[in-house]
Every structure is written in structure tokens, then in C-alpha cells.
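Open the model in a viewer and keep the selection panel at hand.

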Amino acid sequence: MKKQLNSDTDPYVDYYPDRHRVYQFGWSGTGWHHLDKAGAPIADWAHNERGDYTGGHGVNASRTDAGQSLFLKSVGTTQPTTTQPPSPARYEAETAVCQGTVDSDHVGYTGTGFCNTTNAAGAYVEWTVTAAAAGAHTLTFRYANGSTGRPADVSVNGGVVADDLAFPSTGAWTTWRTVTTTATLTAGSNKIRVTASTAGGTANLDNLVITAAASPSDVVDVSTSDQLRSALANARPGRTIRMAAGTYRGSFLSRKAGTASAPITLTGPRNAVLINDGPSGTAPSCPAPTAGWDTGYGLWLFDAPYWNLTGFTVAESKKGIVLDNSHHVTIDSVHVHHTEEEGVHFRRSSADGVLKRSRIEQIGLVKPGYGEGVYIGSANSNWGCLGNSGGMDRSDRVQVLDNHLGPNVAAEHIDIKEGTQGGVIRGNTFDGRGLSGQNSADSWIDAKGNNYVIEQNRGTFTGPGTFVNGYETHNPITGYGCGNIWRSNTSDLGGVGNYAVYVSSTSKCSSAPNKVYASNTVSNARTGLTNIPVTP
């Protein structure tokens with residue numbers, strides 16, 4: 001066995017001269033044993049390589065083999081690109097503060113039981129957890145919910161990190177699933193609380209698993225607007241741009257692309273707030289980065305696929321977050337509010353994007369008819385500028401998951417435009433207060449695309465506002481507004497809306513009909529669930 005004693009340039013020398021013996025390190029012959037000298041454990045391997053640790057000092061030399069000896073060879077000074085996080089830590093709900101009862105009547109839980117909170121808004125479960133180091137962590141909650149969706153706020157050390165995190169129905173109280181969110185923990189003790197948003201209390205909570213994020217090697221920390229602009233302009237695959245708490249004013253644009261294996265991340269806490277006081281300058285005929293023109297967008301990704309946007313806030317801007325030809329962008333746990341027009345726009349074939357666990361409210365304050373919460377694609381009248389895929393805007397396969405939209409989203413909460421297809425709208429909460437009625441803004445969703453799955457959402461309406469139906473379809477061009485399905489949605493129309501799902505035409509979609517399943521429920525409707533036959 002050979003070893004370099006002091007450096008990578010030293011010659012290899014014999015550790016033990018016997019080339020036909022197998023040495024077990026850390027083993028006395030009967031059990032584990034730290035390497036020691038005269039009974040004192042060595043603190044470090046350096047400069048202790050040639051000591052004799054046989055005879056009960058941590059090396060067992062009793063096993064022999066006729067093969068060649070093992071050689072230890074330096075591989076240089078290359079360091080790994082990430083530091084592996086500590087193993088996940090699980091905290092059972094029965095050991096937390098449970099405002100309710102700890103029960104064990106539904107099988108499938110871990111530990112000795114689960115927390116069944118009081119059926120009341122404000123009921124909570126609170127864990128005290130320990131983080132080895134400060135930084136980003138994933139919080140994974142295991143739960144069961146045999147009722148309708150039971151959203152809850154998640155807070156860390158008193159600050160909300162996820163508003164109305166969705167805990168959708170699992171179908172039965174014995175069926176357990178998980179939901180996740182991310183949060184920054186301090187080193188040492190932290191209190192994590194899940195607080196019910198509705199009168200049903202929380203879902204039955206089984207456990208909480210805390211996982212520390214790996215520490216990326218390429219991190220740029222920013223705390224000023226100029227630093228953020230520079231970081232966005234110089235982003236590269238695999239880099240994380242980490243914002244400190246504070247207000248960032250100005251125009252924030254990136255044209256840098258990540259990759260599938262190394263996306264670019266922009267992250268910050270909820271109180272890292274991007275504000276654009278624009279627009280200013282002369283706009284080009286079609287929106288594109290142009291010297292001297294400030295779009296007024298809170299954050300703009302242009303030709304910039306494979307990004308992760310997490311945690312921060314965009315506010316007081318003309319538009320919130322705009323993606324142009326930026327596919328595979330994931331927006332997670334952001335807060336968009338007080339915009340003049342739409343909140344989040346997947347535009348110019350920004351396909352395969354995800355918007356999840358985010359809150360969007362107070363949208364369309366200046367142009368209510370253009371104040372959509374989420375805008376997927378572009379109207380066909382704008383394809384001359386934005387139709388970059390065969391003359392169409394193919395922002396396909398966008399997923400909108402577990403978000404809270406409203407109140408005071410002036411136009412539709414989600415506008416699904418013609419030309420797009422294959423998306424998923426699941427687990428969202430739509431608060432219809434403040435729908436303006438302008439530019440046909442009188443429903444939670446207007447589905448003009450094809451083959452969307454719209455499921456497990458919860459929509460409500462109370463005044464003020466203009467409200468006609470919960471969900472609508474339209475067919476602005478031939479072949480679109482078809483093949484969409486609704487299932488397991490809960491709709492409260494407030495005694496104002498006509499139908500939960502109104503399908504504007506069946507004849508235009510005869511080859512790919514829209515379907516409304518019997519698993520949908522409606523209350524306080526003037527007319528009923530839907531105007532088409534219900535699919536069992």
C-alpha cells in the first residue's frame with residue numbers, strides 16, 4: 001500500500017511493505033475502532049500515514065489475500081461543484097403543537113398518529129425544528145384530506161413564506177400525499193406553523209420533512225438595483241442570483257439562457273421587491289429589448305429559457321413577470337401585486353413553463369380589461385409580433401399549480417389564448433372579488449386553447465365585481481377552444497354566476513368536445529353546473 005506523505009508532488013512510499021495483505025481500517029478485529037497512537041485517537045490523517053495501527057489501534061491485518069495491494073493516488077485539487085446537504089429530518093405532527101387532537105383512526109400515518117386540527121380558520125400545527133446551517137430548505141408536509149381543498153398559510157418564525165398553500169383533496173382520509181414549499185431557515189431552532197385559511201381547518205397532517213438545499217458553488221449575492229441588473233446581464237448556466245431583502249427599482253431584464261441540466265436561478269425572500277416605475281422612452285413596433293426603452297415590466301426574460309424564479313415579490317409595475325421565447329421557466333412562491341396590466345405572461349412560445357405556489361392580486365389597476373392574473377399565449381390579433389412558431393404563439397404545456405389568485409384581479413384570473421394547448425390548471429384558489437367586466441372579463445378562466453386539464457380548483461365570487469360564469473370557453477379561430485376537460489373543481493358562484501362551466505359552442509368542437517365531469521360541484525349558481533351534458 002502506498003501513500004504520498006505531504007503533497008501531490010511527493011513520491012509514493014510504502015505504507016506497509018506487505019503487498020499481499022488486506023488491511024481493514026477503523027476495525028480492531030472485533031468492532032469499530034478509531035485509529036489511535038498509544039490509545040489517543042489521531043485528529044487528522046496528515047503526517048500520521050506511516051504509523052503502525054495494527055495490534056488493536058484501528059487497523060486489522062489478520063486477513064490475507066494473494067492479489068496486488070491497494071494503491072492510493074492523488075487526483076489533484078478539483079473540488080465538487082456542490083456541497084451535499086445534510087440528510088432530511090422528519091418531524092412527526094404528534095410531537096408538534098396541535099391545535100386540535102392527535103388521532104390514529106385513519107391508517108397509513110407514520111409515527112404514532114397525526115394532527116387533526118379544530119375545524120376553524122386559524123387552527124394550526126406548529127413544529128419546532130433544527131437547521132444545521134442557515135439557508136434555503138424544502139419543507140415537505142405529508143397529509144390526508146378526504147374533503148375538499150383545505151389551503152393553509154405556512155410561516156417560519158412568524159413570517160409567512162407561503163400564502164394559502166394548497167392541500168388538495170386526496171380522495172380519502174386514508175390516502176396520504178405530500179405538498180412542498182421552500183423557505184429560508186436560520187441556524188439552530190426554527191418554528192414552522194401551518195395555519196388553516198378556511199373554516200374546515202387544516203388537512204390531517206402526519207409529518208414534516210426538512211431538507212437543506214445543496215450549496216451551489218456559483219452564487220452571486222446582490223443587494224442593490226445596479227448589482228441585480230449586472231447579475232441578470234451576466235447570468236450563466238448553473239448560476240444562482242441571490243437577492244437580499246430590500247426594494248429594487250428599475251428595469252430588470254435578462255437575455256441569458258440556462259440549460260436543462262444547469263438552469264439559472266433568481267431567488268430572494270418575499271420582502272425582496274422588484275418595482276419598475278416605467279415605462280419610458282420610445283417603444284419599438286414589437287416588444288423587444290431596445291436601447292432607451294424601458295418596458296415598465298417588473299421582470300423580463302427574453303430568449304432566456306431554463307430559469308427558476310423563486311420567493312421574491314414583483315409590484316407596482318406596468319406588467320409583473322413577462323417571459324418572451326423563454327421556455328422551461330419555473331416560477332415558484334412569488335408574490336405579484338399592484339400592476340397596471342397582467343401579472344404573469346407566458347408569451348412568444350414560452351412553452352413548458354410552471355407557475356406554482358404563488359400569490360397574484362391587485363392586478364389591472366390602470367387597464368382593467370387587460371389585467372389578467374396569468375396570461376398564456378397571445379391573442380391571434382397579436383401574432384404578427386408574437387407569433388414566432390409557425391405564425392402562432394405556441395406557449396404550450398404551461399402548468400399553473402396551487403396558486404392563490406385574487407382578490408382584485410380585474411380581468412380573468414387565467415386567460416388561455418388560442419394557439420396554445422396541453423396545459424394543466426390544478427389546485428388553484430380563485431377569489432373573484434373585483435372582476436371588472438371590461439373586455440369580457442367576467443369569469444375566473446377563459447379557455448380558448450386546446451386540451452387543457454382544469455381540475456381540483458376552488459373558485460368563489462362575492463361582490464363587488466362583474467361575474468357571469470366561473471369558467472368559459474370561446475372559439476376565436478377555427479379549431480381552438482376544444483378538447484378541454486373540467487373535473488373535481490369546486491365552484492361557489494355567490495348567487496350571481498349562471499354556470500360553473502359555460503361552453504360557448506359544441507358544434508365548433510364536434511371532433512374534440514369539451515367535457516365537464518360529474519366530479520365537479522357547484523353552489524349558489526343561478527342556473528347550474530354547466531350548459532352541456534355532464535360526463536359521468
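**Cavity**

The largest cavity holds about 30 Å³ of space. A cavity here is a set of points on a 1 Å grid over the protein atoms alone where a 1.4 Å probe fits but cannot get out; points are joined across faces, edges and corners, and the volume is the space filled by probe spheres set on the points. This is a predicted model, in which local features need pLDDT of at least 70 and side-chain atom pairs count only at pLDDT 80 or more, while totals for chains, interfaces and linings use all residues. Residues are numbered from 1 along each chain as its sequence is written, and side-chain values use heavy atoms, with hydrogens and water left out.

Select Y471, W486, N489, S491, A500, V501, N520, T521 and L529, which line the largest cavity; lining residues have an atom within 4 Å of a point. By class, five of the lining residues are nonpolar, four are polar and none is charged (Ala, Val, Leu, Ile, Met, Phe, Trp, Tyr, Cys and Pro count as nonpolar, Asp, Glu, Lys and Arg as charged, the others, Gly among them, as polar).

**Backbone**

Most residues other than glycine have a negative phi, and most peptide bonds are trans. Next, select G278 and P279, joined by a cis peptide bond with omega about 10°. P279 is in the loop between β25 (272-275) and β26 (297-302); strands are DSSP runs of E, at least two residues, and helices are runs of H or I, at least four, numbered from the N terminus. Then go to G463 and P464, where the peptide bond is also cis, with omega near 5°.

Move to N157, a non-glycine residue with a positive phi near 55°. N157 is in the loop between β14 (152-156) and β15 (159-165). E316, in strand β28 (residues 313-317), has a positive phi of about 50°.

**Salt bridges**

The structure holds 25 salt bridges, each a side-chain nitrogen of Lys or Arg within 4 Å of a carboxyl oxygen of Asp or Glu. Select D164 and R359, whose closest N and O atoms are 3.5 Å apart. This pair links distant parts of the chain, with D164 in strand β15 and R359 in strand β34 (residues 359-363), 195 residues apart. D164 is buried at 10% relative accessibility, and R359 is buried at 15% (buried is under 20% relative accessible area, exposed over 50%, partly exposed in between, with a 1.4 Å probe and protein chains only).

Which residues are linked in a network of salt bridges? Finish by selecting K319, E341, E342 and K367, which form that network.

Methods:
On a 1 Å grid over the protein atoms alone, a cavity is a set of points where a 1.4 Å probe fits but cannot get out, and a pocket is an open set with protein on both sides within 12 Å along at least five of seven lines; lining residues have an atom within 4 Å of a point.
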